[in-house]
Amino acid sequence: MAALQTGTQAPDFCLPTTPDQKVSLSEFRGQNVVLAFYPADWSPVCGDELALFNELVSDFKGMNAEVIGISVDGVWCHVAFAQERKYHFPILSDFEPKGAVARNFGVYREKEGVSERALFVIDRDGVVRWSYVSPIGINPGADGVISALEEINKKRSA
Amino acid sequence: MAGLQPPVSEKDHIQGNENAPVTLVEYGDYECPYCGMAYPMIKKVQRHFADDLRFVFRNFPLSESHPHAVQAAEATEAAGLRGKFWEMHDTLYENQDALETDDIFLYSERIGLKLDQFKKDLSNKDVILKVQSDFKSGVRSGVNGTPNYFINGFKYEGDNLTEAITKILSVVRG
């Protein structure tokens, strides 16, 4: 399965973030979106990756970008995880049908039943402008995302 | 391989021989338990390589995970204004479980700072900006957690600094 290529329209989705709240990608038209797929809540590496993005929420906002996390965990698990880690961005539950959104983005791992650790930067028109699939145990950092956002904003203001 | 941005400069806190063939940069967080475990290991590495190694510390506080981390980092920078950066750095890593404001005030006196001055220095704009700019430089450099290391400007992902530095020294010396 290959991750969605740069330049393709990101498939829309609408997934729960809490038991009574849903978030869809199309709500973010006009803003850049950093979509962070990760294999599972609570595993140490994901924690570090999301912790880093959590520190950068306001920097990302300054670049007209919102962060969204996404994994196959259930919504109650997400609620507990987000509360414990004090995340300032939504994490979405790609739970039923399991991994459907990860599949649409080409980052589902059939064998393990989880998504890859993958990052997509989606522009204000919903087009994928940058993506990166990192080895599953390695936290990719944020430098690639920031460069991609700078590139998008530079082109727009040019 | 991710590279260190910006390179080490006089703005950094540097320990050891300024002409050393190897420069080790750590991005660390005073409340991070892994950094706490790394602290004595770094001391050992410094003793082992002596004049062959220059050590630089940059702040990478994950404030949302570690509520005391930013103030702790600012405390070291404030102490640094009075030439006591490393004294505060060491004290905080040796007392990681006590990083409340009162604890930090106590440490400032213990390392010979005047408390009134230290309190003022803690809210100095340059102190606050230094911690922020260290964090930003870390993000640019591809830091993904703490501790993260750079050896001669390149990110080191392994877990044996002594081995890595020995290898580089043998290359540098030919």
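This is a predicted model: local features need pLDDT of at least 70, side-chain atom pairs count only at pLDDT 80 or more; totals for chains, interfaces and linings use all residues.
Local features were considered at pLDDT of at least 70 and side-chain atom pairs at pLDDT 80 or more, whereas totals for chains, interfaces and linings use all residues. Residues are numbered from 1 along each chain as its sequence is written, chains are lettered from A in the order in which they are written, and side-chain values rest on heavy atoms, without hydrogens or water.

The largest pocket holds about 870 Å³ of space (the volume filled by probe spheres set on the points, with points joined across faces, edges and corners). Its lining (residues with an atom within 4 Å of a point) comprises 33 residues, and A:D48, B:Y34, B:G145, B:T146 and B:P147 lie nearest the centre of the pocket. At least two lining residues each come from α1 (44–55) and α3 (75–85) of chain A and from α1 (33–49), β4 (148–151) and β5 (154–156) of chain B. Here helices (H or I, at least four residues) and strands (E, at least two) are DSSP runs numbered from the N terminus. The most is given by α1(A), with six residues. The lining of this pocket divides into 14 nonpolar, 11 polar and eight charged residues, where Ala, Val, Leu, Ile, Met, Phe, Trp, Tyr, Cys and Pro count as nonpolar, Asp, Glu, Lys and Arg as charged, and the others, Gly among them, as polar.

Two cavities of 30 Å³ or more were found. The largest cavity has a volume of about 60 Å³, and the residues that line it include B:Q15, B:E26, B:F55 and B:W86. Helix α1(B) gives the most to this lining, with five residues; the lining as a whole has six nonpolar, three polar and three charged residues. The second largest cavity, of about 30 Å³, is lined by chain A residues, among them A:L25, A:F28, A:I122 and A:R124.

In chain B, helix α2 (residues 69–81) packs against helix α3 (residues 85–94) at an angle of about 150 degrees, with the axes 7 Å apart (axes are lines fitted to C-alpha atoms over the stretch in contact, and angles run from 0 to 180 degrees between N-to-C directions). The two helices α2(B) and α3(B) are therefore roughly antiparallel, a term for angles over 145 degrees. Contact (heavy atoms within 4.5 Å) involves residues including B:A72 and B:T76 of α2(B) and B:F85 and B:M88 of α3(B).

Over all chains, 21 aromatic pairs were found, that is, rings of Phe, Tyr and Trp (its six-membered ring) with centres within 6.5 Å. A:F37 and A:F105 form a tilted pair, with 5.5 Å centre to centre and 55 degrees between the planes; planes under 30 degrees apart count as stacked, over 60 as edge-to-face and the rest as tilted. Since A:F37 lies in strand β3 (residues 32–37) and A:F105 in the loop between α4 (100–104) and β6 (108–109) of chain A, the pair ties together parts 68 residues apart in sequence.

Most residues other than glycine have a negative phi, and most peptide bonds are trans. The bond from A:E96 to A:P97 is cis, with omega near -10 degrees. The bond from B:Q5 to B:P6 is cis, with omega near -10 degrees. Phi of A:W42 is positive, near 75 degrees, and A:W42 is found in the loop between β3 and α1 of chain A.

How values were computed:
On a 1 Å grid over the protein atoms alone, a cavity is a set of points where a 1.4 Å probe fits but cannot get out, and a pocket is an open set with protein on both sides within 12 Å along at least five of seven lines; lining residues have an atom within 4 Å of a point. Angles under 35 degrees count as roughly parallel, over 145 as roughly antiparallel, 65 to 115 as roughly perpendicular and the rest as oblique.
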